[in-house]
Amino acid sequence: MDFQDKVVLITGASSGIGAATAIYISKQSAKLALVGRKANNLKAIGVYCLKSKGIQPLTITADLTEEADVERIVKETIDHFGRLDVLINNAGIVLMGGLKNSNMEIYDKVMATNMRSVYHLTMVATPHLIESKGCVVNVSSVSSTMPSSMSIAYNISKAALDHFTKCAALELAPDGVRVNSVNPGFVKIQTYTKM
Ligand SMILES: NC(=O)c1ccc[n+]([C@@H]2O[C@H](COP(=O)([O-])OP(=O)(O)OC[C@H]3O[C@@H](n4cnc5c(N)ncnc54)[C@H](OP(=O)(O)O)[C@@H]3O)[C@@H](O)[C@H]2O)c1
C-alpha cells in the first residue's frame, strides 16, 4: 500500500499497537501526526518513523480526555501538513473490575478515553476528512462482542465504539469518507523505546 502524500493521524502512537502502526505506515511514505501523553516515548517512535523514508513525523503531546487538547491536535496537524487523510483512533485504556469491585471513577475514565475522546476527535476532524475524502479507523477489541466480567467498563466502551463506527460510517458515506474498525484479540506488545 502506498501512503505517498497522505497525512495520517494516529492516537496512542507512543506505545503498543499505535507505535507499531506508525512505524509500519511510515514505511509506506506517509506523513504522520503522532499523538500520546508521554513526550519522550513519542519522540522515540518518531525517530523510528523518520528512519523509514526520511519523512519527519509531527509529534503532538496531548491528553485526549481534555477537550482543548483534542482541538489542538487537529489544528496542529492541519497547520503543519495542510490536510488530513486518515484518522486512526487507537488510544485506549483497560481498567479492570466489574459491578462488585470497581467504582464510577473507573467507569468515567474508561469511557472518557475509549469513547468520548474518539467521538470528539472524529467530530473535529470531520470537515478535513470530507475535504480529502479520507477515512477513519477505530481500534476496538474482540471484547466488544465477547462478554466478560473482568473489565465491564472496557467491554462496553468497545461495544459503544463499534456502534459509533457504524453510525459514523452511515453519516459520512455520502461525503466520501469511510469509517471502519479493527477488533484485535490479545496482541503481544513490543517495547520500541527500549530497543
Ligand atoms: N494489546 C491488546 O491486546 C489489545 C487487544 C484488543 C484491543 N486493543 C486496543 O488497541 C488499542 C491500543 O492498545 P495497546 O495495547 O497498544 O495499548 P498501550 O500499549 O497501553 O498504548 C495505549 C496508547 O494510548 C495512549 N493513551 C491512553 N490514554 C490516553 C489519553 N488520555 N490521551 C492520549 N493518549 C492516551 C497511550 O499514550 P501514553 O502512554 O503516551 O499516555 C498509549 O500510546 C487500545 O484501544 C486497546 O483497547 C489492544
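Let's start with tyrosine 154: one of its polar side-chain atoms lies 2.6 Å from an oxygen atom of the ligand. Keep in mind that this is a predicted model. Isoleucine 17 has a backbone N or O atom 2.7 Å from an oxygen atom of the ligand, and for glycine 12 a polar backbone atom is 3.2 Å from a ligand oxygen.

So how much of the ligand does the protein bury? On its own the ligand exposes 890 Å², and 87% of that is buried by the protein.

## The pocket and its shell

As for where the ligand sits, that's the largest pocket. Two elements each give two or more residues to the shell around the ligand: α1 (16–26) and α5 (152–172).

There are 28 residues around the ligand, and those that come nearest are Ser14, Ile17, Arg37, Tyr154 and Val187.

## An aromatic pair

Now for the rings. The count comes to 1 aromatic pair. Tyrosine 119 and phenylalanine 164 have ring centres 5.6 Å apart and planes at 45°, so this pair is tilted. An angle over 60 degrees would have made a pair edge-to-face, and one under 30 degrees stacked.

Which helices hold the two partners? Tyrosine 119 belongs to helix α4 (residues 104–132) and phenylalanine 164 to helix α5.

Methods
Residues are numbered from 1 along each chain as its sequence is written. This is a predicted model: local features need pLDDT of at least 70, side-chain atom pairs count only at pLDDT 80 or more; totals for chains, interfaces and linings use all residues. Side-chain values use heavy atoms; hydrogens and water are left out. A residue is near a molecule or strand if one of its heavy atoms lies within 4 Å of it. A polar contact is a pair of N or O atoms within 3.5 Å; within protein, one must be able to donate a hydrogen and the other to accept it, and residues adjacent in sequence count only if both atoms are side-chain atoms. Accessible areas come from the Shrake-Rupley method with a 1.4 Å probe; for residues, only the protein chains shown count as cover. On a 1 Å grid over the protein atoms alone, a cavity is a set of points where a 1.4 Å probe fits but cannot get out, and a pocket is an open set with protein on both sides within 12 Å along at least five of seven lines; lining residues have an atom within 4 Å of a point. A molecule sits in a cavity or pocket if more than half of its atoms lie within 2 Å of its grid points. Helices (H or I, at least four residues) and strands (E, at least two) are DSSP runs, numbered from the N terminus. Rings of Phe, Tyr and Trp (its six-membered ring) pair if their centres lie within 6.5 Å; planes under 30 degrees apart count as stacked, over 60 as edge-to-face and the rest as tilted.
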